[in-house]
Each structure stands twice: as C-alpha cells, then as structure tokens.
Amino acid sequence: MGGRRRSAAILAASVVAGVAGCGNGGAGVFHPAGSLSAQPGQAAPAPTAAVQRFGGFTFPAGVSIDFTSPAPADPSHRAIVAGYQDYVLSMWAGVLTHGKNTAYSNQAEGNALTFVTREVARYRSPGRTVRGTIRYSGTKVTNVYFGNGASLSSCVDATALHDVNAQTGAKVGPALPARPVRYLETVSEGRRSDGTWFVNRSVTYPASGAQGAMCR
Amino acid sequence: MRARFATILTLIAAFAASAVLAGAGGAAPALAQGSADVGTQAAQARSARAGGGGPGYLALAFSHVSVSGNAAASGLASPGTYLPAPCWLEPRFTGGDSYHAGDPQPSANGDADSYWWWFASQEPGLYGVLGRIPGLKQAVNKVFKAKQGGAGWWWVPSWASGGVNGFACATGLVQMLNFSDQYLEFEAPQGGGGDTPGHQIDGNILADIARAELVLPTFRVHTNPAPPTPSDVNLPVWVWVDYNGARSPADTASVPTPAGSLWARVTTSQPQVSISVSSPGQARVYNQCGATGSPYQGNASAIPSCGVTFLAPSKGYTITVTARWTVSWTASDSPGQHMFASPPWPVPVQTGTSTVTVQEVQSVNGPSPGA
C-alpha cells in the first residue's frame, strides 16, 4: 500500500472526524484523575471546597460523581479512562440540567447513547433530580485494539444516589431504576483522530451475579 | 482496483472536509436515518440457528462464519472468554450487494453501502456532520453503485458480539483505517493476520472461534458401592464416569470466501481421567483411569485401576474426578495439527464429585462350634 496515498486518506478523514468532534468541549473538559468529592468515610466537602465540573457545567452541592481509581500510569490508558469518565460525567450533566446539557451526544453512541438518552429523559421534568454520591471504582482498561479501540470495566455503586423531588429533596427511588444499584459496567471505546476517546457500547452485569461478582 | 477505490474514498473524504471547512454545515441534512436508529437495528447479532445437530451462526456480527459440531454460542458471550482476535475483516457482501436504491438502508446487513454508513454512525457526532455536507451522500453512494453487480466481494469488519471486546476491536480497526483506505475493500485486504493492518480472517482466527465455542462434555461420577450405601474401611471404591455428550468433542468453523470455503477444525484427545480425595492421608488412590475410569466388574475385593481405598471411617469423603483433554486444530490454509496452549487458553478440563461414607467393618465372632 502506498504510504502517501494512505496518509492522504487519513488526513482527509481526520479533518472530517475532527470537525465532527467540535462542540464537545474538548478543551477544558474535566478529566478527573480521582475523586473530587469526599472519599468514603470522610465528611462531605464544604461548598467552598473543590467544585466538580464538566465542560461549562458545575455539579451542584449534594451530588458527587466519585472516580476512586488512580489514574493509569500509561498515558494511552489514561486517555481511555478519561473518555469513560467524560461519558459518565456528560450523562449526569444531562440529568442535572434536565436535558439542557447535551454534551453526552458527543461522548456516547450505540446502546450507550440509548441508555444515557433514556436516563436524561427520565429527569426531563424540573421537579425531579438526583442527590447523593455515585462511585465508580476498580476502573481499568481491559484491552486495547489497534491503538484505536479499547474495552474498559468499572464497578458502579449507586446505592447512595437517589431520584429526589427537586423542591423538597424527598427521595423518590433509586437514581438508575433500570439497573441494579451495584453492577459491573464494561464499555467499548473508540479513539478520535484528535486523541480523545468516546464510548459506543455498554454491557452491564449485576454485582449479585457471577460475572459482576468483583463489584460486591 | 484497491488503489482506485481508496483514491475514490480519499477524494470523498477530502470533498467532505472542504465542504465542512467552507461552512456548508448549515445545509439541510441529506440523510434521512438517524444514527441511533440505524445502529440499533444493525447491531443485532445473528441468533443461533434453531434445531438440528448443533448451533450455526453464533453471536457473530456482520459475519458469515458458521460453527458446527459440539459448539455453543455462549462460549463467545462470556466476558471472560479468551479470544485473541475478537474482530477481523471478512468477505461479507458480494458485488451484487454493493448498493440498492434508497441506500443507506436502516439495516446495515443488506449491502456494503449501508454498512459503511452504519459504521460512520458509531462515532458520536460524525454521522450528523456527514449528513449535513451537501452531495456527500450521493458521492459515497456513487462509489458503491459503481461496483453493483461486480464479481468481487466487499471485505468488512466482523466481530464476536458477546460482551464489548468484539465491538471494541472492530471500532479500533475502523478508526485505525479512518473510514476509508482498507476499511471497506472490494478485494482481500493485505494478509498477515494477528494485529497487522487488514487483519483478514484466516484459519487461525476461525480456529480461535471454534475453540471458544467448543463444549467439553460434563459427566456423571459413579462409584461402587453407590451412595447412599456406605463403603467399608479397606474395601476398594470403584470409580468411573458417564459422559453427557461426545467424549472427544470437535467443532468446525467455516466461512465462504471468493476462493471457496475457508475452514478450521478443532479436535480433542480422548479425555484422561484422574481422581483425588478430600483426605489424601487416609486413602490409597488408584489413578490409572484412562478415559472412563473403572466400571465395577462384580468382584468387590479386587483392586480397581481407578478407585480409592479409604483407611479410616468417615461420614463424608469427597472424591473429585477430573477429565483433561488436549485440544488441537487444523485449517484449510494451515495443514497439520496445532495446539492451543494453556495459558492463555483456559485449561480444557471438567470436574465432578461424589461423596462417599465409609464405615468401620464390624466383624462378628460367634461362638466356635463345640465351645
């Protein structure tokens, strides 16, 4: 294969892909390397403490999206984990803005986007929101394919995140009623030409089952 | 031919890029189908062929690979399944399925044009951008339309659809190939297998699929005496097994190619049975078990080649029976027998257990005659 010919194709397609990525807040997007909220067992941060952000969105007090795994030492793995965290944060930004923040549409595709879209729609009404803490732990890159595709797994603990009445704060139910409160999430990711990663498949396994047992 | 096709797609991509850069993004969307809808339909994997002597197309997306014999699709569905190549390039569409009127179709299974657009929809936002570029849809369709009815085949990424690894692999393959050069070819991509660009299906990949789907038979453990009848101290317990299914299972994965059927056959040795006990210090184990152990022959005091003599009483000794196989493969493009090493492949074993109660022999010495 002619290297020049291939380079031309890559260059051209990269431009298209790069344009497609515009508007996802790539610059300045929050890539957490650890929890911004209190660690388990610690007091909740004061309002003046570190504020959790995703792009231009600031997470409200009373909501913590905790990523408790240390960032991988390998930069390429770190970028893959960041893609997953952006996917997670974009979903919760969509939920907490009642669908106004649509950054998730640039972080997810396939059944991952279907899931996020459904959860955001669940909180479309201004009378409903979420409060509490959801924890993502044991996050690790399980495979990298051709340097441009990857699979990642993470344990999700949503026992302390609730669907609440936005006015009274009264608990209505679990924040993610379609999923168990503890589960293993595995995702497929792809790498954009600008080096950022997106999620295009998600498969979950309840922690109560054999395949999700590592998340008990 | 490949060079020409690549050039055409390069031109399309360049055209698309220039159109976007020229500020054409405000044009009305040219594509009717939303990416989520297209993706939902196209992502459906083949379901198992019903009935017959074994599963057919199994848990593979956009693939014509079929697996027959002692195989189960669930072998690919487990997240722990080891499959070194969960995706590959495969001759999926004939020239007769290059393009159909109205492309892209909602289902990507129908033709090469629809497949190309479906995969473009798997990167967030890209499908929408492409859809806003005036003339792009027509330009892409023109490439496929020109091949309609041709004698070649389109090679496309296929993958194992259980879990996320297969699709992650296919995504990596397509992203690496940048939606253009080599991503969708009208002739076989470059060879090399493994992780080399192109990554076309070969006998080795087919063998891996067949190995992952291979079902080793379970078995039932028999003993004599059979529970709940207790055995006696110093009396041999005979041990043998009945297999549920083929004792030496085998399966074959095959795929049609322009050059004819490509296939790989996975075979297993006769099983080698061995036994162990929960209290080895209180037992003599006879471990010449062969494939089936030692079915009881009617002589309770004879020493079996496969069995155990317990030296002390117990209300429950556990006898664990393990059957081990060696697994090898051959393929139409790779003659000879090749082994699957463990690790990385799972060790090909099955186990079963039986619990045996052992009692002290009660000898009754009656009065001797004439006493």
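In this predicted model, Arg179(A) counts as buried, with a relative accessibility of 13%. Its side chain takes part in a salt bridge with Glu185(A). A search of the whole structure finds 6 salt bridges over all chains.

**The salt bridge of Arg179(A) and Glu185(A)**

- The closest N and O atoms of Glu185(A) and Arg179(A) are 3.3 Å apart.
- Glu185(A) has a relative accessibility of 2% and counts as buried, because buried means under 20%.
- Arg179(A), at 13%, is likewise classed as buried.

- Arg122(A) and Glu119(A) meet through their side chains in a salt bridge, with an N to O distance of 2.9 Å.
- These two residues are separated by about one helical turn, because they lie 3 residues apart in helix H3 (residues 110–122) of chain A.
- Glu119(A) is buried, at 0% relative accessibility, whereas Arg122(A) is partly exposed, at 25%.
- A network of salt bridges links Arg118(A), Glu119(A) and Arg122(A).

**A salt bridge between two strands of chain A**

- Asp157(A) and Arg135(A) form a salt bridge in which the closest N and O atoms are 3.8 Å apart.
- This pair links distant parts of the chain, as Asp157(A) belongs to strand S5 (residues 149–165) of chain A and Arg135(A) to strand S4 (residues 128–145) of chain A, 22 residues apart.
- Asp157(A) counts as buried at 14% relative accessibility, while Arg135(A) counts as partly exposed at 28%.

**Packing of two helices in chain B**

- Two packed helices are described by the angle between their axes and the distance between the axes.
- Helix H4 (residues 112–120) of chain B packs against helix H6 (residues 136–147) of chain B at an angle of about 135°, and their axes are 9 Å apart.
- H4(B) and H6(B) are therefore oblique to each other.
- The crossing of H4(B) and H6(B) is right-handed.
- On the side of H4(B), the contact is made by Ala112(B), Asp113(B), Trp116(B) and Trp117(B).
- On the side of H6(B), the contact is made by Leu136(B), Lys137(B), Val140(B), Asn141(B) and Phe144(B).
- The residues in the contact of H4(B) with H6(B) comprise 6 nonpolar, 1 polar and 2 charged.

Notes:
Residues are numbered from 1 along each chain as its sequence is written. Chains are lettered from A and ligands numbered from 1 in the order in which they are written. This is a predicted model: local features need pLDDT of at least 70, side-chain atom pairs count only at pLDDT 80 or more; totals for chains, interfaces and linings use all residues. Side-chain values use heavy atoms; hydrogens and water are left out. A salt bridge is a side-chain nitrogen of Lys or Arg within 4 Å of a carboxyl oxygen of Asp or Glu. Helices (H or I, at least four residues) and strands (E, at least two) are DSSP runs, numbered from the N terminus. Buried means under 20% relative accessible area, exposed over 50%, partly exposed in between (1.4 Å probe, protein chains only). Axes are lines fitted to C-alpha atoms, for helices over the stretch in contact, and angles run from 0 to 180 degrees between N-to-C directions. Angles under 35 degrees count as roughly parallel, over 145 as roughly antiparallel, 65 to 115 as roughly perpendicular and the rest as oblique. A crossing is left-handed if the near helix is turned anticlockwise from the far one by less than a right angle, and right-handed if clockwise. Contact means heavy atoms within 4.5 Å. Ala, Val, Leu, Ile, Met, Phe, Trp, Tyr, Cys and Pro count as nonpolar, Asp, Glu, Lys and Arg as charged, and the others, Gly among them, as polar.
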